[in-house]
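Thanks, everyone. I have one structure to show you. Let's bring it up.

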Amino acid sequence: MYKPTPLLSYFWGLFSGLIVSAFLFNSLTQTEAETEKTPVKTEQTTTSPVRAADAPVLTLAARAELLLKYYTIRDGAEETNLAPLLQKNGHLEIFKQMLQQSTADVSDLIQSTQSFTAAQFYASLVRIKQKDEEQQAKAQLELLKPARTATTPKLQQAPIN
């Protein structure tokens, strides 16, 4: 059997220690470099609510998805008038804007924003979301189409006799 010599064991430990210390040093320097890259805010941060101007711009589909997630319909609550709850939470204005911006026709579901059931609200959000996603898909597909070359009339060759 092979028995390592003390000198070999020494070098084995030395190189193992160097490898581990190099790994730790590398991971520490990467962490410090990442913290240096993040900008330090010098302005005072307060816990004030996000203003509409500061909020990220979301597509109609994304806003509809947020409202769908926030207002889930519970069994037996489909006929509940949801407009007062939206007004109370400040989301009725968002919904009104979505109705104005969307090209989806929801007039058969919601006639006025003063009174509508949870089921009507949910169905209109789904319709708005689907219409917006359809328009986004259409625009993306248009970008994927190959560029049309200018149509050049083909010259007909005279038959060779």
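Predicted model: local features only at pLDDT ≥ 70, side-chain atom pairs only at ≥ 80, totals over all residues.

Aromatics first. Searching the whole structure gives seven aromatic pairs. Take Tyr10 and Phe11. Their ring centres are 5.5 Å apart and the planes meet at 65 degrees, so this pair is edge-to-face. The cut-off for that class is over 60 degrees. Are these two buried or exposed? Tyr10 has 51% relative accessibility, so it counts as exposed. Phe11, at 35%, counts as partly exposed.

Now a second pair, Phe95 with Phe116. Here the centres are 5.4 Å apart, with 45 degrees between the planes, and the pair is tilted. Phe95 sits in helix α4, residues 92-101. Phe116 sits in the loop between α4 and α5, so the pair ties together parts that are 21 residues apart in sequence. Both Phe95 and Phe116 are buried. They also belong to one aromatic cluster, together with Tyr70, Tyr71 and Phe121.

Stay on Phe116. What does it contact beyond its neighbours within four places in sequence? The list includes Thr80, Asn81, Leu82, Ala83 and Leu86. It also includes Leu92, Phe95, Ile110 and Phe121.

That brings us to the core. The largest nonpolar core has 20 residues. Which of them touch the most other members? Met98, Phe116, Phe121 and Leu125 do. The elements giving two or more residues to this core are α2, α3, α4 and α5. As background, nonpolar side chains tend to be buried together in soluble globular proteins.

Next, helix α5, residues 118-144. A quick geometry check. It has 27 residues, and at 1.5 Å a residue it should span 39 Å. The end C-alpha atoms are 39 Å apart, so the two agree. Its buried residues are Ala118, Phe121, Ser124, Leu125, Ile128 and Asp132. Those buried residues pack against α2 (60-70), α3 (83-89) and α4.

Last stop, Ser102. Where is it? In the loop between α4 and α5. A polar atom of the Ser102 side chain lies 2.9 Å from the backbone nitrogen of Ala104. Leaving aside neighbours within four places in sequence, Ser102 contacts Leu60 and Ile128. Recall that Ile128 is one of the buried residues of α5. And Ser102 and Ala61 are 41 residues apart in sequence, but 9.7 Å apart in space, C-alpha to C-alpha.

That's my tour. Over to you.

Note on methods
Residues numbered from 1 in each chain as written. Heavy atoms only, no water. Phe/Tyr/Trp six-rings, centres within 6.5 Å; stacked < 30°, edge-to-face > 60°. Buried < 20%, exposed > 50% of the residue type's maximum accessible area, 1.4 Å probe, protein only. Helix = DSSP H or I, 4+ residues; strand = E, 2+ residues; numbered from the N terminus. Expected span 1.5 Å × (residues − 1). Contact = heavy atoms within 4.5 Å. Core = buried A, V, L, I, M, F, W, Y, C linked by side-chain atoms within 4.5 Å. Polar contact = N/O pair within 3.5 Å; in protein donor to acceptor, adjacent residues only side chain to side chain.
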